Amino acid sequence: MDRAHSTGPDGVSAAALARDLARHCVAYREPVPRLAGRQLANTVLPYLALCALMLWAAANGYGPLALVLAVPAGGLLVRLFIIQHDCGHGSFLPSRTANDRLGRALSLLTVTPYDSWKRAHALHHASTGDLSRRGTGDVLTLTVREYLARPRLSRLRYRLYRNPLVLIVLGSPLNFLVLQRFPSGMGLPWRAAWRDVLSLDIGLVALVTGLAVLAGGIGPVLWVLLPVVCVAAWIGGWLFYVQHQYEETVWESAETWDFHRAALGGSSYYVLPSVLQWFTGNVGLHHVHHLNSRIPNYRLQECLDGHETLGRVGRLTLRDSLDCLGLALWDEKTRRLVGFSHLRTLPAF
């Protein structure tokens, strides 16, 4: 039976269950300034302290120490990105103006243009799981039929794109360090996108120049900036991948697409050890986030604990997530995400 309209053990349709859970989530959408302030302090302060120590180490010939420290610093940068992400949703602080100001300030650390990313990410939330609206803020995913209809060279390009080494190891740092320095594909009007991106680029040049003066050259600054951003990009790229690219995710045609069903069924619950959940700002509770993007990250666990069903759907452990690496195509017949090896089982292939 079509999973979008299937029924659970109590005879409740998946879409109806998703809407019921969305109503539950509404109670947790109000920001709590005390919790927001605590999270900001316990993330920004240790991050800046680690970066300062790394800069000192790199400037004084202790490069290996700086590289070691890039791992926890990169983890904290992921947490900072989640705070900026919440600001983009207007959920981190009660005031929209305060959210936008904080988000733009944090963009100097995350090297991510705030307004452009905010717009593209909003489109992602509005279209997750809709086959007719792929391509903005998501990982490009072809159906089996679309892949087979492509010429050989186009298939090869898609295979290269979906290779984890290209998509995550190379692609994630390339996206943050290079592609985000330009406004193409950001989802904003042309002039607004250029203004947003260029203002951040100018700010980054000023920041790097100032740090280079303090450190006695550009070398130590790059020794800190590049490893930290790369570590954060690898973590963030992997998280974004497994949040929607797992076998039982949900994709629908425009005619049958349902926002709440797609939010619940098309976003995983990535069950992480507590220390990793802390560093990643609870983003693994992604099904809850998509049901209601106005819930601050520091209240997602509270929301999940408040309804037992949320803890049972879309579960993906660290071990389970490794199996996601080979997935690349949406099979419209089996309604599963499959790997390229699945093609060998098809009669016409």
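Surface patches here are built from residues with over 30% relative accessible area and no salt bridge, where nonpolar side chains (Val, Leu, Ile, Met, Phe, Trp, Tyr) are joined within 5 Å. Accessible areas come from the Shrake-Rupley method with a 1.4 Å probe. The model is predicted, so local features need pLDDT of at least 70 and side-chain atom pairs pLDDT 80 or more, while totals for chains, interfaces and linings use all residues. Residues are numbered from 1 along each chain, and side-chain values use heavy atoms, without hydrogens or water.

Leu 165, Val 166, Val 169, Leu 170 and Trp 234 make a nonpolar patch of about 460 Å². Helix 8 (residues 164-177) gives the most to this patch, four residues, whereas Trp 234 sits in helix 10 (residues 218-244). Helices are DSSP runs of H or I, at least four residues long, numbered from the N terminus.

Now turn to helix 5 (residues 114-127) and its neighbours. Its axis and that of helix 4 (residues 96-110) come within 9 Å and cross at roughly 115°; axes are lines fitted to C-alpha atoms over the stretch in contact, with angles from 0 to 180 degrees between N-to-C directions. The two helices are therefore roughly perpendicular (65 to 115 degrees). Asn 99, Asp 100, Gly 103, Arg 104 and Ser 107 of helix 4 meet Tyr 114, Asp 115 and Lys 118 of helix 5, contact meaning heavy atoms within 4.5 Å.

Helix 5 also packs with helix 9 (residues 190-215) at about 130°, their axes 7 Å apart, and this pair is therefore oblique. Here Tyr 114, Asp 115 and Ser 116 of helix 5 touch Ala 193, Asp 196 and Val 197 of helix 9.

Finally, look for the twelve salt bridges, each a side-chain nitrogen of Lys or Arg within 4 Å of a carboxyl oxygen of Asp or Glu. One of them joins Arg 19 and Asp 258, with the closest N and O atoms 3.3 Å apart. Arg 19 lies in helix 1 (residues 14-25) and Asp 258 in the loop between helix 10 and helix 11 (259-265), so this pair ties together parts 239 residues apart in sequence.

Terms used. Parallel < 35°, antiparallel > 145°, perpendicular 65-115°, else oblique. Patch = residues over 30% accessible without salt bridge, like charges linked within 9 Å, V, L, I, M, F, W, Y side chains within 5 Å.
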